[in-house]
Amino acid sequence: MNRFDPLLSRRHLLRVGAVSTTVSVSGWMGRLARAAEQGPAKPKRSCVLLWMFGGPATIDLWDLKPGHENGGPYKEISTSAPGLKIGEHLPKVAAFGDRLAVLRGMSTKEGDHNRGTYLMRTGVVPSSAGIHYPSVGGLVAKELGDPRAELPNFVSIAPQTFFGVDAYGSGFLGPQHAPLVVGGNRFGDPGGNLDQILKVDDLDRPAGVDAPSAGARLDLLNVTQDEFAAGRPGAVTKGHAAAYDRAARLMQSGGGKVFDLSEERPAVRDRYGRNLFGQGCLLARRLVERGVSFVEVTLGNWDTHGNNFDLVKGLCGTLDAAWGALIADLKDRGLLDTTTVVWMGEFGRTPKINGQKGRDHYPAAWSTVIAGGGVKGGQAVGKTSPDGTTVEDRPVSSADFLATVCKVLGIDPEKPNMSNVGRPIPIADRGAKPVLEVVA
Amino acid sequence: MSVRLWVCALVAVALGPSAARADDGRAADLAAQIDRHLEADWAAAGVTPAAPADDAEFCRRVYLDLIGRTPKVADVRDFLADPAADKRARLVDRLLTLPSHAAHFAAVTRSAWLPQTVTNPLLLGFGNQFEGWLRDRFKENTPADEVARRVLTVGVRQGRRNNDPRFLQPDGADPDAARLVGFYQANDGKPENVGAAVSRLFLGVKLECAQCHDHPFAPYTKEQFWEFAAFFAELDPLAGRRPGDSSDLGPQGEKNRLTIPNTSKVAVARFFDGRDPEWSESKTPRQELAGWLTAPGNGYFGRNLGNRMWAHFFGVGIIDPVDEPGENNPPSHPELLDTLGREFVAAKFDNRLLIRAITRSRAYGLTSRLSHPTQADPKAFARMSLKGLTPSQLFDSLVAATGYREAPFLRANTFNVFPDPGNPRSRFLNRFQGGDKPTEANTTILQALMLMNGDFLDGQTAADRAELLGAVVDIPGWDTARRVEALFLAAFARRPTPDEARRFGSYVDRGGPTGDRKKALGDVFWVLLNSPEFLFNH
């Protein structure tokens, strides 16, 4: 978003930004306000990752085995794409089958939540070799985002980072590509508190500080900060100034409002589902509308070692409503062709149903989905054996998948970034083969 | 007082100063060696080192590095007023005796050695136990070789009910075992993980990459990795003689060998320098390794720990990253590194010798203010690098600066994964967690917002609710200049420059935009606490 005159100094920006909510709009503020009315220049692409924490039973969602003892009680349903069938508890998703591609040949090597999460989110196996790999969000946001944008380029909604915070950050890309996190690490049903949870913490000025004082504080801070930084140039002081700059920009009129879901009509909010994931997807849509490059929304509780079928049915209800509403809204707004929606967890679950009617961790054969912009939809690529235990056609590794997401978004997966160990590392691991069949 | 206590006291008085003098001489000598190495390097490379830090800058830095927080107003005033020529060395000596020194070093060591116990709730308890043990070690100044030997040889055994390696149990006969077992638990109890950690932490050699293939840059082979891991083979519940096996395996049976995964090859424990232990019944493989590792002739151990200590104070190691020596990562000052390692060994691994020597070196005493382009490379050590604060350093410094009276039960909550809404410390630790290299520390938007708008800083910058600020605002008889100076001493550990005194003084005198002087002093304190000069160690 090139909404700001690049000639304006940061100091000026901070000063006016802090005061802008109450002071009359004049001078260049007027230009700023007009620019806000016109809306941001649309970025080329956005990506929404629906992250299914816990390891979803993809055999019950995307690659059913009806008739086989591993298949369980669910039925297949048709989608809007001829020949593509998915699980019966995703009817709203089925309605846009022509826009989605199922990768049924996922085959990865990590069956532990931590390690699997790291693998799928970074494209490499975790090791203690000291290379801080960035998560897919950081990688994509760096390529697609505008560093001068009012909003951060990477927003993470409701992540659950208890077991391995390393897989959620920007690693060697640096904090400027780290996610802005809202609603992180929540357990259970937040009830009526959803709106508050999905807001950015500490975004509002303290009640006892009026706008002129806030502006005066930032003025003094800028001088003090600049004096210190002038004698100590480098990434540390630059990073501090940049973070304060972006924080102040986010505080000003337009930026933070995107997180205020009460602006949406109740009927719209109902369609997404009145739960953290549903409202998170609504927030994702609002962020994409404002040009944010990468948004991820987490839905947890997929770790169905027992009572898999009741639990998965419930989770599908949450997923289906939110995802269906998201796609429909993106389509209505003409954003579906520029927005790619990726669905994945850290691994799949055992085809064999255990004694507790559950399914256990299973990385050897499972599915992921990629939908919307840049995707050749209406197809399933790859095939598992009749019992679901092995991939028989078109196996896809985590690195292959990351490369595929890149290709769909128009990013070169071999593009190197400088790492923290002083050598360049490509976005997707060397040798990654994107699944070109799904690239439109 | 009993006679015995009297005698003890007399002995202590008699020994105290002379022992301290000996330490002092040794530290001064090592500091001089450090200076010689660096000065020679600066001259050879045409580097113009920065000016010396003034007392205030030194004071703030050494507080942060040694006890993990900034000095309080009275601490700075006393130090600045002290006319003694050796006051810097005496300050270091005094800080070393404080419990907060042991606590800070234990916390830093725990997050370097067992980072997984900081972020993984399942391992949190183990990490806390381990940190408590380390705290006692730093308090007693236990030599570093003894610490390493204890960690490496502590009694652990397989659980009776669950032989999953993750459920290793402390051996009840070993008094340290309950607190040290976390080292093994955090590494999944797997020989390869424990071996990789030990190699990285105590040798400064990262062997993990050789786990699957020969190391791409350094001359370490896959075989060497597994031979090292085999010293921990006894942790494997399947180790031991297999039924029907009558081959001659030597006195340690199968406790010193591992099958390399996906091969039929067996790796027998062997030292990293290619020598074999002389296996006996009396020494376990872990004891063999501990003996070799900490032997005075083992150059890796002393150099590695010397380098890590150096990195603690400068933010950058002489080899950096500290655990990746190799052709692509040579030491910036090899002779200096050798000197540190050699003197550390000669001083019987006395951590405090290194601390005293480094803190009185010329390089440590340089200002962070850049005055010549040749100072820009942090590995020239020609000016002090800016370092990020650890989350605890930040919050402890906020406590020191604001006078916040923190209840002990709130202070005890150092868990950063779930923020406790009612506990400011917990919320700061959560928001500021992250594993950046200190010299590359960065700030996130949410961190900035928390400092700008969060209720903790809001309370401490509002004159009617704040602690230190409340007092500064209300002290009768002070003029504006004195009030502003007090806030500068609290936040920056220095007095304002004349320019700053004028700028902030006139702001307060006119009462800021609201015409309220008390509020304006709150604005000043807010500005100082949000400044990089407060938020970084410089």
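This is a predicted model: local features need pLDDT of at least 70, side-chain atom pairs count only at pLDDT 80 or more; totals for chains, interfaces and linings use all residues.
Colleague: What makes you say that the contact between chain B and chain A takes residues from both chains?

Modeller: A contact requires heavy atoms within 4.5 Å, and the contact takes 59 residues from chain B and 53 residues from chain A. Between them the two chains bury about 4700 Å², of which 65% lies on carbon and sulfur atoms. For the area that chain B buries against chain A, B:Ile445, B:Asn453 and B:Pro532 supply 12%, more than any other three residues.

Colleague: Why is the meeting of A:Glu227 and B:Arg503 called a salt bridge?

Modeller: The term asks for a side-chain nitrogen of Lys or Arg within 4 Å of a carboxyl oxygen of Asp or Glu; the side chains of A:Glu227 and B:Arg503 meet at 2.6 Å, N to O, and the pair is therefore a salt bridge. The count between chain B and chain A is 4 salt bridges, and there are also 9 residue pairs in polar contact, both residues being at pLDDT 80 or more.

Colleague: Which helices of chain B supply at least two residues each to the side that touches chain A?

Modeller: They are α19 (445–453), α23 (498–509), α24 (517–529) and α25 (532–535) of chain B, and α19(B) gives the most, with 8 residues.

Colleague: Why are β4(A) and β11(A) said to pair?

Modeller: Pairing needs at least two bridges between the strands, and β4(A) has 5 bridges with β11(A), residues 366–372, in the antiparallel sense, so the two strands pair. In β11(A), A:Ala371 is the bridge partner of A:Leu100.

Colleague: What makes β12(A) a partner of β4(A) as well?

Modeller: The threshold is again at least two bridges; β4(A) and β12(A), residues 379–381, have 3 bridges in the parallel sense, and therefore they too pair. In β12(A), the bridge partner of A:Ala101 is A:Gln379.

Notes. Residues are numbered from 1 along each chain as its sequence is written. Chains are lettered from A and ligands numbered from 1 in the order in which they are written. Side-chain values use heavy atoms; hydrogens and water are left out. Buried area is the accessible area (1.4 Å probe) that two parts lose on being put together, summed over both. A polar contact is a pair of N or O atoms within 3.5 Å; within protein, one must be able to donate a hydrogen and the other to accept it, and residues adjacent in sequence count only if both atoms are side-chain atoms. Helices (H or I, at least four residues) and strands (E, at least two) are DSSP runs, numbered from the N terminus.
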